[in-house]
Amino acid sequence: MTQPKSPLVADAHEERAGGPDRPVVDVAVGVLIQPNGDFLLTSRPIDKVYAGYWEFPGGKFEPGESVEQALTRELHEELGIQTGQIQRWREELVDYPHALVRLHFCKVLDWSGELQMREAQSFAWQHIPVTVSPILPGTVPVLQWLAADIGWKNALF
Ligand SMILES: Nc1nc2c([nH]c(=O)n2[C@H]2C[C@H](O)[C@@H](COP(=O)(O)OP(=O)(O)OP(=O)(O)O)O2)c(=O)[nH]1
């Protein structure tokens, strides 16, 4: 029998809010990729935890939403774009001090509309190795998967 994958633990020395039985928070995340392979990273707004850290755009599910519905809504709210096809890619559980989150990473290869940073976040089109920092702990594995896709050993240098 395969064991469930253990979570990635971020900032392990810090106390966990909500104790051992806290619920899992589902998050839909979009890896927008241009035809030349560049992908979009955005920085977390100043009013959120891990402010200023770089991540892929996305956010928490609202009640009853599917991954695709949550991601379509979040990308419109945060970036002002309309998404085309969404490809579910990988899932990852991350144990943060503020929450236990399940990240549903999706590839998005087509969208329409000009990018607008509606939450005053910064954005950067990046390729491997990335040049922005710091990267959100739960985002680092995605960069490693993208690096592996192109046969690069390390995503951060
Ligand atoms: N969007 C996004 N979130 C990520 C990534 N990696 C990662 O660990 N996370 C985590 C950080 C947060 O704990 C959670 C996303 O929550 P959030 O607070 O940004 O979501 P939201 O936009 O719905 O926020 P809000 O409604 O509470 O304002 O997922 C990533 O690459 N992109």
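In what sense do strand E3 and E10 pair, and over how many bridges? Strand E3, residues 39–43, pairs with E10 in the antiparallel sense, over four bridges. Strands count as paired if DSSP finds at least two bridges between them.

**Before selecting**

This is a predicted model, in which local features need pLDDT of at least 70, side-chain atom pairs count only at pLDDT 80 or more, and totals for chains, interfaces and linings use all residues. Residues are numbered from 1 along each chain as its sequence is written.

**The whole chain**

Please display the entire protein chain, which has two helices and 10 strands. Helices (H or I, at least four residues) and strands (E, at least two) are DSSP runs, numbered from the N terminus. Along the sequence, the pattern reads β-β-β-β-β-α-β-β-β-β-β-α. The radius of gyration, taken over C-alpha atoms, is compared with a globule rule of 2.2 Å times the number of residues to the power 0.38. The chain has a value of 15 Å, close to the 15 Å that the rule gives for 157 residues, so it is as compact as a globular protein of that length. Buried residues account for 27% of the 157; a residue is buried if 20 or more other C-beta atoms, placed from the backbone, lie within 10 Å of its own.

**Residues 23–148**

Next, select residues 23–148, where UniProt, in an unreviewed entry, places the feature "domain: Nudix hydrolase". Such annotations may be inferred rather than shown by experiment. This stretch is 17% helix and 37% strand, and its end C-alpha atoms are 32 Å apart.

**The open sheet**

Now select E4, E3 and E10, three strands that form an open sheet in the order E4-E3-E10 with antiparallel pairing. At the edges are strand E4 (54–55) and strand E10 (123–126), each of which pairs on one side only. In the pairing of E3 with E10, Leu 41 stands opposite Ala 124 of E10.

**Around the ligand**

Finally, select the ligand and the 17 residues around it, of which Glu 55, Gly 58, Gly 59, Lys 60 and Gly 138 come nearest. A residue is near a molecule if its C-beta atom, placed from the backbone, lies within 6 Å of it. Strand E2 (24–32), strand E5 (58–60) and strand E8 (100–108) each give two or more residues to this shell. The largest share, three residues, comes from E5. The shell divides into 10 nonpolar, four polar and three charged residues. Here Ala, Val, Leu, Ile, Met, Phe, Trp, Tyr, Cys and Pro count as nonpolar, Asp, Glu, Lys and Arg as charged, and the others, Gly among them, as polar.

Methods: A residue is buried if 20 or more other C-beta atoms lie within 10 Å of its own, exposed if 12 or fewer, and partly exposed in between; C-beta atoms are placed from the backbone.
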